[in-house]
Amino acid sequence: MVKKPCFKQRYNQRRVPHRALPALMLAVGALPAASPAVAQQSGMQALEEVVVTAQRREANLQDTPIAITAFSSDKLDALGVYDVSDIGAFAPNVVIEQSPNTNAGMTIFIRGIGTSETALMADPKIGLYIDDIYVSKTMGAVFDIADIERIEVLRGPQGTLFGRNTTGGAITVTTAKPTGEFDLKADASFGRWDLRRYGLSMNLPEVANVSAKISWHQKRVDGWAKNEYDGPPIPPADRVVSEFGSQNDDAWRLALRWAPTDTLLVDYSYDRTDNDGSAPPFQTIAVKDYLYDGFTTTPFPYEFLGGEMYQQMAAQVGDPTRRQTRFSMDGHTEGWLEVEGHALTVAWDLEPITLKYIFGHRETQWGYAGADYGGAYIARDAFYGGGAPVPTPEFSAGVLSDMEMTTHEFQIFGSALSDRLNYTAGAFFYKEDIFQDQPQTFALPIIFLAGNPDLFAAYDALGFCEGGLCIGTQRLPLPFGVPGADPNFNGVQDFSYGQEMESWAVYGQVSYDFTDALTVTAGLRYTDEEREGFVFNEDFGHVTFDDRIGVKEDWSNVSGVLNFSYRLTDEMAVYAKYTRGFNGGGFNARSGSAAAFRTPADEEIVDAYELGVKSELFDRRVRLNMALFWNDYTDIQITQFEAGTGGASSRIVNAGEGVYQGFEADLLAVVADGLTVDLTYGYLDASFDEYVGINPATDQPEDISGITTVSYAPRHSAALGLQYEFPQTSYGLVSARVDVTYKDKFVFHPFQNQLDFSDNRTLVNARLSLSDIPLGGDDTHQLRVSLWAKNLTDEHYRHFGIDFGALGWAGALFGEPRSYGIDFRYEFN
């Protein structure tokens, strides 16, 4: 009699039947790193099967009916990827860029959809999940996740199977689970800028049906740019850094797996990350000679009208297309991040159904005392210097953030009718509590302020004005009690906000095999969410915290998916899919007025259509997947940057309608013994059909879609990877890999983007490895050594940029220069 496998084995290996979910998929991640993505089949090399969990259960990558890129742990090693923020270059139509003034934030766009708004009240349009648990914000989400098993990038709206609705897509991170058998893996890396990275992962033997795994990661690296300023800091900064781009990270994780019976499995994990360091520098790239409001351009010579500060700023611009490595900044401090998470999953197999409960709780604190957006300047100031030159900030802000979220999810899934019917149903509850304090100070040409007769008289008496024209700058907020002034007399505009949000949903999805070739999948979801928040902003005339403005609103939505997949042959399948995506409404903490804060943005809706083909050809030596997509958006939520006498602000509006369409292709091939090639290409044509803006000349709404550009939407993106594995030798296995990635030019904001854009970029990474080095007399001890280089050609490119509009200048965040190093890995099995 054959013994029935225990539930722990079936839970790890269970997959939907081959005919149940045929469709499209992207296989970029199918190539492992240390060895080619091939297996012996009938004496010929063939691509290995890739398992993903995009449908909330394990399935063959090629049998999963969505556009997806999967990165295995081996592939992540090959690419030198250590956190989620690095994978955007290797997936088509995906952009992941570092957020300004922090090592802990990222901006994610998929197929042109995402949000660049860093205020915590704004929900991301790309969901991030760790072991099926939703991470609510991308700010503070860049942390080292010890022991990653797989990362999956799901393109297109998600909702019927995932915790939160998202209009752009989702990124899921799966961590390695305990095996119950002792093994050990130790890593060490050394590289440019005194990089030191260490890692340790250890599985412990199973005891009383309990398995445990402990993982630890540490990174130390000096900054790639220097701060030559040696004077006192300007508030809100308390102590300035000596270099930019440094990191000091510690992360560890404990995973437990309990299998008391063959049908019950309990997984628990605890993780913690402590991170501090200085963010890359924000570089001034232009001082403007005009004003542009989206409708008209007016000559305005900031270098002249702004006096000494703007002249000093213009002198430091240099070549705006190239990164600088030496700065003088008086307001830039170290940032810090603390993340703590608990995860619990209970799965109970009651053939033919399985019940699952997923619990998650995460607490995140991050911030910095000061972020300098320009440099250290000395300029005349009427009210802080009495007309004499004093240290003057162009724009500086601090941040203190606190986030706490809890999720509960119940699932039931199984099969019926001789496995022709597969279903999943669930309920999801999410609660979030956020708070952020963000004081700021800045300087503005006094010509914007001198319209006040009393102020004009003060400036004129100090020699700033002549013939009604005032030249120079004034630090804001003013240090005395005039409308909009700072009641705390500290030269910093106090600004803080918070929000409590609850969301619950019920969902279900069914797949039915009408024939051995045709499968139809349908899903439906109902979502209800409520937000209650507040803002305290001295620019609104608030004097005490009791003056804060409170708001409350709720939204609900029904969304769904319908998918037809058809297997043409054993090697090829096609599918057609329709999805309605939903992103809830919300309030904008950085509104420029109290009225704007009280007016929430409405929900965003997308109707997404997708056609795709998936194929494995030439005895599974070639995997080619392609997709066409057409997304029709209504009430698009757009972040509009604003700047004026109240400082830098932004607002989230439902700008209008748009169509985002494109094409994606993924090729993975074994072209010769030992040689594999993976190639991805994405084409994106994204435009606004309607974009409503307020014309300041008429104060009336107008359609300005003709002068706007969809942000973070490069028309072309591609990645080419070549890996060759030399014949096995007695001293180990030699492999070489080169990756070339390309992103077309894209802008960071829909309009006012004459200066804030990223030119097209081509980045080259390379790695040479000697693996399977035998230690001792058997293969239980092995060593791998790898030499690597990133950005081999030292490309200069921008991660982020801001045109500060009425403040009169623009700046950008540049990518890291060429880096290189050596990795060591020891494994004991």
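Start by selecting residues 106-110, which make up strand β7. Two bridges join β7 to β8, and these strands run antiparallel. Strands here are DSSP runs (E, at least two residues), numbered from the N terminus, and two strands pair if DSSP finds at least two bridges between them. Click on I110: its bridge partner in β8 is I113. Before you move on, know that this is a predicted model, where local features need pLDDT of at least 70, side-chain atom pairs count only at pLDDT 80 or more, and totals for chains, interfaces and linings use all residues. Residues are numbered from 1 along each chain as its sequence is written, and side-chain values use heavy atoms, leaving out hydrogens and water.

The order β6-β7-β8 gives an open sheet of three strands, with antiparallel pairing. Its edge strands are β6 (94-98) and β8 (113-114), each pairing on one side only. Strands of a sheet pair through backbone hydrogen bonds, either parallel or antiparallel.

Next, jump to residues 716-725, strand β43.

Strand β41 (residues 675-695) pairs with β43 in the antiparallel sense over nine bridges, and L679 has L720 as its bridge partner. Nine bridges also join β43 to β44 (residues 733-743), again antiparallel; there, L720 stands opposite V740.

Then select S211, in strand β15 (residues 210-221). Is S211 buried or exposed? With a relative accessible area of 2%, S211 is buried. Its side chain makes a polar contact of 3.5 Å with that of E206. (That's a pair of N or O atoms within 3.5 Å; within protein, one must be able to donate a hydrogen and the other to accept it, and residues adjacent in sequence count only if both atoms are side-chain atoms.)

Last stop: Y373, Y459, Y497 and W809. Of the 61 residues in the largest nonpolar core, these touch the most other members. Such a core is a set of buried Ala, Val, Leu, Ile, Met, Phe, Trp, Tyr and Cys residues joined through side-chain atoms within 4.5 Å. Its largest share, four residues, comes from strand β28 (residues 395-416).

Note on methods: Buried < 20%, exposed > 50% of the residue type's maximum accessible area, 1.4 Å probe, protein only.
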